[in-house]
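Morning, everyone. I have one structure to walk through today. Please bring it up on your screens.

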Amino acid sequence: MKKLIVLVSVLYIICFWTVDANACGSYFDYNCHYIVGGVGNWGNNNRYYYVDSSASAYSTLIQNAVDSWVYTSSRLGYGTPISIAKTTSKDYSVFDIYYENIESVSSGVLAVTIHYNYRTQINATVGGAPSQNWTWAKIKLNSPSFNNISSQNGNSAARNKQGTIAHEFGHALGLDHCTYVDSNGVIFYNTGRIMCQLASGRSVYQPVVADLQIINHLY
């Protein structure tokens, strides 16, 4: 049985990153922590996701978000081992998606990702990163604000919702926010990457090669 540890990766949290070519953090990951069992093996075996009835209205957007991580070779000319399929049984899933009232609209929270080690919620480090590897993750779309996501940053509302879900899957796979501070204390937002937050100007709704390179670094 899968359910065990939780860490909340809130969409509006800014995780700062210092450039170090030899460090795990230079890949915008969670200090090289990852999902136990990997992300699948394309063409051989899958990891699975489950959509709770509360989030069923967003099934198509969720599927599109998952596909944006899976079918990348033809779209980007760059592949990963990611292979994720839908299941109707929580016993087989390692990504569970819910639609719940988590925070008020004023909080700015669009969704959260919670990491578990079986039935135990994983403690977070400073900045919200999971402090260890995890066996599964729960993604919660914040009902007061998620459905109010609008067209912005050059994308339609639907694409920004899909991008938000894809962003949370990135957290579940092991990717951190791609925000960093240079040596002069200037904050940079990588707006052309899925792990940038929508509020910080994310201009894409699907992972790009730079996001996928973190997957291949981790797995």
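What does the accessible surface of the protein chain come to, and what percentage of it belongs to carbon and sulfur atoms? The surface comes to about 9,400 Å². Carbon and sulfur atoms hold 48% of it. Keep in mind that this is a predicted model.

Now the layout. There are five helices and nine strands in the protein chain. Along the sequence, the order reads β-β-α-α-β-β-β-β-β-α-α-β-β-α. Of the 219 residues, 51% are buried. Then the contacts. Take those between residues at least 6 apart in sequence: 74% of them join residues at least 24 apart.

On to the core. As a general point, nonpolar side chains in soluble globular proteins tend to be buried together. Here, the largest nonpolar core has 51 residues. The residues with the most contacts inside this core are Y49, I62, W69, F95, L141, F169 and L173. Which elements give two or more residues to it? The strands are β2 (47-51), β4 (95-100), β5 (111-117) and β7 (136-142). The helices are α1 (59-70), α4 and α5 (209-218). Helix α1 gives the most, with six residues.

Leaving out residues up to four places away in sequence, F95 touches R47, Y48, Y49 and Y50, among others. Its list also includes I35, I84 and A137. F169, A172 and L173 are on the list too.

Those last three sit in α4, which covers residues 157-173. Helix α4 has 17 residues. From first C-alpha to last, α4 reaches 24 Å, close to the 24 Å expected at 1.5 Å a residue. Is α4 mostly covered or mostly open? Mostly covered: 14 of its 17 residues are buried. After α4 comes G174, with a positive phi near 125°.

Next, charges. Side chains of opposite charge can pair when their charged atoms come close. How many salt bridges does a search of the whole structure find? Two.

The K140 side chain meets the E100 side chain at 3.3 Å, N to O. K140 is in strand β7 and E100 is in strand β4, so this pair ties together parts 40 residues apart in sequence. Is K140 buried or exposed? K140 counts as buried, because its relative accessibility is 17% and the cut-off for buried is under 20%. E100 has 29% relative accessibility, so E100 counts as partly exposed.

The other bridge joins the side chains of D211 and R193, at 3.6 Å, N to O. D211 belongs to helix α5, and R193 to the loop between β9 (187-189) and α5, so the pair ties together parts 18 residues apart in sequence. Both D211 and R193 are buried.

Last stop: Y98. Y98 sits in strand β4. Y98 is buried, because its relative accessible area is 10% and buried means under 20%. Which side chain does the Y98 side chain meet in a polar contact? That of K90, at 2.9 Å. Now set aside neighbours within four places in sequence. Y98 is then in contact with D52, S54, A55 and K90, and also with K138, I139, K140 and L141. Y98 and K138 are 40 residues apart along the chain. Their C-alpha atoms are separated by 7.7 Å.

That's my tour. Thanks, everyone.

How values were computed. Residues numbered from 1 in each chain as written. Predicted model: local features only at pLDDT ≥ 70, side-chain atom pairs only at ≥ 80, totals over all residues. Heavy atoms only, no water. Helix = DSSP H or I, 4+ residues; strand = E, 2+ residues; numbered from the N terminus. Expected span 1.5 Å × (residues − 1). Buried < 20%, exposed > 50% of the residue type's maximum accessible area, 1.4 Å probe, protein only. Core = buried A, V, L, I, M, F, W, Y, C linked by side-chain atoms within 4.5 Å. Contact = heavy atoms within 4.5 Å. Salt bridge = Lys/Arg side-chain N within 4 Å of Asp/Glu carboxyl O. Areas by Shrake-Rupley, 256 points an atom, 1.4 Å probe, with all protein chains shown as cover. Polar contact = N/O pair within 3.5 Å; in protein donor to acceptor, adjacent residues only side chain to side chain.
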